[in-house]
Amino acid sequence: MALMMVVGLAACSYTPPTLVSEQVGEVVNVKSYSETKRNLVAGLAGGAAGGFLGSKIGGGSGKKVATTVGAVGGAAAASQAASYEVIYFDYDVRLESGMVMRFTKREEQGRFQPGQKVVVATFSDGSRRLN
């Protein structure tokens, strides 16, 4: 059994891509935009908590209404409270060959300015990274 687990884990091993080439380029355009992300788990938990609290109010059909309103209100409030904004930057980079490539990075991954020299790294899996 232990041997099967070792063999199974070996088959799932990850080999990171290797660097194939690097090209020098220049940032020619920068555009920023943002997205609001919502936390689904917080919304579900808020809905459950609101529904539970609502179920403690009233009796009969009023209790059903209070439970529903509590669940919807709790989900909305928790989802709003747990939302956050992510800022992205699109960078258009002109390589020495003249080709222009677009890269999207999150704000915390660093910023580049128009006119700045950069390096575009290409990896064995076909991915590219802006450095």
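Q: Is Asp92 buried or exposed?
A: In this predicted model, Asp92 has a relative accessible area of 13%. Buried means under 20%, so Asp92 counts as buried.

Q: In which strand is the place of Asp92, and which residues is Asp92 in contact with?
A: Asp92 belongs to strand S2. Leaving aside neighbours within four places in sequence, Asp92 is in contact with Glu26, Val27, Val28 and Asn29, and also with Val100, Met101 and Arg102.

Q: How many salt bridges does the structure hold?
A: The general idea is that side chains of opposite charge can pair when their charged atoms come close. This structure holds 2 salt bridges. In one of them, the side chain of Asp92 meets that of Arg102, at 2.7 Å from N to O. Arg102 lies in strand S3 and Asp92 in strand S2, so this pair ties together parts that are 10 residues apart in sequence.

Q: With which residue does Lys117 form a salt bridge?
A: The partner of Lys117 is Glu26, and the closest N and O atoms of the pair are 3.6 Å apart. This pair links distant parts of the chain, for Lys117 is in strand S4 (residues 117-123) and Glu26 in strand S1 (residues 19-37), 91 residues apart. As to accessibility, Lys117 is exposed, with a relative accessible area of 58%, whereas Glu26 is partly exposed at 31%.

Q: In what sense do strands S2 and S3 pair?
A: Strand S2 (residues 84-95) and strand S3 (residues 100-106) pair in the antiparallel sense, over 7 bridges. Within this pairing, Tyr88 stands opposite Arg106 in S3. The two strands S2 and S3 form a hairpin, with 4 residues between them. In the turn, Gly98 has a positive phi of about 100°.

Q: How do side chains alternate in a regular strand?
A: In a regular strand the side chains alternate between the two faces of the sheet.

Q: Where does Arg129 lie, and which residues is Arg129 in contact with?
A: Arg129 lies in strand S5 (residues 128-130). With a relative accessibility of 45%, Arg129 counts as partly exposed. Beyond the neighbours within four places in sequence, Arg129 is in contact with Phe103, Val119, Val120, Ala121 and Phe123.

Q: How many residues apart in sequence are Arg129 and Thr104, and what is their distance in space?
A: Arg129 and Thr104 are 25 residues apart in sequence, and their C-alpha atoms are 9.8 Å apart in space.

How values were computed:
Residues numbered from 1 in each chain as written. Predicted model: local features only at pLDDT ≥ 70, side-chain atom pairs only at ≥ 80, totals over all residues. Heavy atoms only, no water. Pairing = 2+ DSSP bridges. Buried < 20%, exposed > 50% of the residue type's maximum accessible area, 1.4 Å probe, protein only. Contact = heavy atoms within 4.5 Å. Salt bridge = Lys/Arg side-chain N within 4 Å of Asp/Glu carboxyl O.
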